[in-house]
Amino acid sequence: MKKVMIGNHAVSWGVLRSRVEVISAYPITPQTQIVEALSDMVADGSLPAQYIKVESEHSAMAACIGGSIAGTRTFTATSAQGLALMHEMLHWAAGGRLPVVMANVNRAMAPGWTIWTDQNDSLSQRDTGWIQLYCETNQEVFDTTVQAFKLAETVDLPVMLVLDAFFLSHTSEPVDVTEQEDVDRFLPQRDATFKMDTSDPHAFGALVRPDAYTEMRWQQQEAMHEARDVFRQVEDVWEAITGRRYGAVEAYRTEDADLLLVTSGTITSTARTVVDERRAGGEKVGLLKVKMFRPFPTEELRGHLGGVDRVAVLDRNISPGHGGIFAEEIRSALYDVPPEDRPNLFGYVLGLGGRDVTPTVISDIIDNCRSTARPEREDLWVGVEL
Amino acid sequence: MSQTIIKQHIPRDDLLASGHLACPGCAAPIAMNLVLKALGPETMVVLPACCWSIIAGPWPQSSLRVPLFHTAFETGAAVASGIKAGLVARGDTETTVISWAGDGGTFDIGLQALSGAAERNEDFIYICYDNEAYMNTGVQRSSATPWGAWTTTTPTNDPEHQPKKDIMAIMAAHRIPYAATASVAYPVDLVEKVKKARTIRGTRFLHILAPCPPGWKTQNDETIDLARMAVERRVFPLMEVENGGTWRFTVDHPGGSIEEYIRRQARFKHLTDRQVEIIQDEVDARWGILSNRVEHGT
């Protein structure tokens, strides 16, 4: 069934099709339409879920954790300040190995107040133990929402799917909504690995002494590693049903390229058109889209980037005092590439707080990357005017 | 005689195992044991950070024979909401979910989540065992700490300035179906209240005073005496509030001087006789307010 819908509603439809059992959420622009649509779906009976309309995002995540340890499929959505408020409980969901799924609509952090997109909200949660999947289109948002539950429940880790404020959240695109019976085949009712059960009582999350804590973190890390393979398998099955797959990393026209752009989120679509134009002019430019940020697709990135002359990483985020976060992570991944194959990496910081990243901007970046022997600094800020 | 009554009213089976990690003389495990006796094994416990995070035992042990979820300090009411929703989503409307929190997790850091859950009338029992300070972190003041008390953050030369927060009035203002105070010195009253709470749907709140020998600076064998004295002398009256409007005392409160209650706790030893009188005046004033609520429903 094809429908034209905004990105936020693509999330809601994904949640509907996934037969989520417990929803808990608190409003924040620009995610609110996700939970508004879910309210309608629950109210009209099309989604027979328990919906807890909590008094804060912190409680939203806490309630999802409760629903999850009771054995059910749970969902919430948030953005920016709301995600930051959840921070403590993000650790609780991940450390507790609870497969909560959350949509985060990327919104820049205040102050100054802003509702427009950048990735600092979700990337600030990097080390909480959540799988993070960044989306480019509304179709990908729908598909990733359904896949997120499958992935989360297979490896017992929470999954955050991420979409850009307004560029996706409020922009209408055609979405092929997979039929319910197909999704049911892909994603049966959750059968929890462990849950609260009065016939088999256990304590969860108790004090752990130094002799066991490390082992628990090790198991969490092993699950993260496993998630790379499981995501591939999840995509295999989904592709067999829908014909669609995205990859943890997508290579676009990378064959024989001497310069690769690296993007995530909606900047990718803009970069595709620039790559097409440059290719039409005979230039060997390609594009890598990074969908999966955690676990980090280290091997895929090394495989694609090793041996390329120049790499321009476009970061709609900044780690103050360091650089663009994708650029720094990729730089780190490339350390283990043999020196002769190690590309010259340029890290561009741009588009913060929703500033447009136009084809011209990306084209200028390609020119800058080509014409400079070495980057002047690890964070190359685009378009700063003081 | 009283033994007979207790046998009639309090179930024999313990859902709290021996070997828990409470300090000697602690009222908190007594309260938990009574509550679980009243609720039975079809119960799930949510435990935000508090002394009971330790008492329950470290991984992989548990001193409870019911499922237990340890959670962050401020989330007892929110996690309990989620667990109940999950159970209902799978068709289980019978299992009782309780959130078991200290005074810090209730009066202070958990109040927002508790207020939210109470306003939504979430279907669980929230139980606050109140030892009147952050005892697990080493006796720091909370908004449940009484006026004049020493804690490690209210030293004797600058003791607690504020009277104890009126949590029962706050909960009653949410018009939840049932709220009550209870005491480990009145086990029959406590168990009856828990049993009654179990039959009611919606948010139920129970406030249990829990004397703490290291925090109150009392002897280990004084806990029950002090808990009883707090009730008799009207420092901690035992009452019920239904639907936020109907207030009722559940035991006799003969009253009398609070001096012995105060003087037996070394956390008050710096107080002058005049300051003890101030506490007496406050207790008398509070009693007047409560009696008025019982008489007039407000």
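Visitor: Over which ring does the charged end of Lys53(A) sit?
Guide: This is a predicted model, in which local features need pLDDT of at least 70, side-chain atom pairs count only at pLDDT 80 or more, and totals for chains, interfaces and linings use all residues; side-chain values use heavy atoms, with hydrogens and water left out. Residues are numbered from 1 along each chain as its sequence is written, while chains are lettered from A and ligands numbered from 1 in the order in which they are written. A charge sits over a ring if NZ of Lys or CZ of Arg is within 6 Å of the ring centre and within 35 degrees of the ring normal. Lys53(A) is placed 4.8 Å from the ring centre, and that ring belongs to Tyr51(A).

Visitor: And how far is Arg267(B) from the ring centre of Trp216(B)?
Guide: Look at the face of Trp216(B), with Arg267(B) lying over it. From Arg267(B) to the ring centre is 4.1 Å.

Visitor: How many residues apart in sequence are the parts that Tyr134(A) and Phe326(A) tie together?
Guide: Rings of Phe, Tyr and Trp (its six-membered ring) pair if their centres lie within 6.5 Å, with planes under 30 degrees apart counted as stacked, over 60 as edge-to-face and the rest as tilted. The structure has 12 aromatic pairs over all chains, and this one is edge-to-face, at 6.0 Å between centres and 80 degrees between planes. Helices (H or I, at least four residues) and strands (E, at least two) are DSSP runs numbered from the N terminus. Because Tyr134(A) lies in strand β6 (131–134) and Phe326(A) in helix α11 (325–333) of chain A, the sequence separation of the parts they tie together is 192 residues.

Visitor: Which other ring forms a tilted pair with Phe326(A)?
Guide: Phe326(A) is buried at 2% relative accessibility, where buried means under 20% relative accessible area, exposed over 50%, and partly exposed in between (1.4 Å probe, protein chains only). The partner is in strand β13 (residues 292–294) of chain A, so this pair links parts 33 residues apart in sequence. The centres are 5.0 Å apart with 55 degrees between the planes, and the partner is Phe293(A).

Visitor: Which residues make up the aromatic cluster that includes Phe293(A)?
Guide: Phe293(A) itself is buried, with a relative accessible area of 0%. The one cluster is formed by Tyr134(A), Phe293(A), Phe296(A) and Phe326(A).

Visitor: What is omega for the peptide bond from Trp59(B) to Pro60(B)?
Guide: Most residues other than glycine have a negative phi, and most peptide bonds are trans. Pro60(B) lies in the loop between α3 (51–55) and β2 (68–71) of chain B. Its bond from Trp59(B) is cis, with omega near 5 degrees.

Visitor: What phi does Arg97(A) have?
Guide: Arg97(A) is in the loop between α4 (80–95) and β5 (101–106) of chain A, and it is buried at 18% relative accessible area. Although Arg97(A) is not a glycine, its phi is positive, about 60 degrees.
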